[in-house]
Amino acid sequence: HLVEEMSSLHERSVKSQNDLTKELTNEQQVAKDLSALVKESTYELETAKLELEKIKTGKKQEEESKEQKLSDLKSDVIDQKSEFEKSQKTMQELKDKNKEEEEKRINEKKAELE
């Protein structure tokens, strides 16, 4: 009976570890995607700044449009950086949880061997 319980516990632990690994992999991809978006948005922001400088002498309506675009891009960069940081935190939490599960499994194995 104890062997069955240990086996069941081991199976649940392995399943939990696999689930955490999948979740971690997903979060890593999200982090990569968000990082790429931050880089792209930063480039767009810099481009918009240059364009804004070029049209300072242009029509007021065009200038206002570019300023709105710049403001939107800044807001997007801030939002994306925030999402990226949140994703990094989630990834770290998953790594920590995965490590705890692994240590728990190792301790259970040690106890089982003793």
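User: Helices are DSSP runs (H or I, at least four residues) numbered from the N terminus. The model is predicted, and residues are numbered from 1 along each chain as its sequence is written. Local features need pLDDT of at least 70 and side-chain atom pairs pLDDT 80 or more, while totals for chains, interfaces and linings use all residues; side-chain values use heavy atoms, without hydrogens or water. Which helix holds both D19 and K15?

Analyst: D19 and K15 form a salt bridge, their closest N and O atoms being 2.9 Å apart (a side-chain nitrogen of Lys or Arg within 4 Å of a carboxyl oxygen of Asp or Glu). The two residues are four apart, about one turn, and both lie in helix α1.

User: Is R105 buried or exposed?

Analyst: R105 also forms a salt bridge with E102 at 2.9 Å between the closest N and O atoms. E102 has 26% relative accessibility and is partly exposed. Buried means under 20% relative accessible area, exposed over 50%, partly exposed in between (1.4 Å probe, protein chains only). At 18%, R105 is therefore buried.

User: Which helix do the buried residues of α2 pack against?

Analyst: The buried residues of α2 include L70, V77, M91 and R105. They pack against α1.

Technical notes: Contact means heavy atoms within 4.5 Å.
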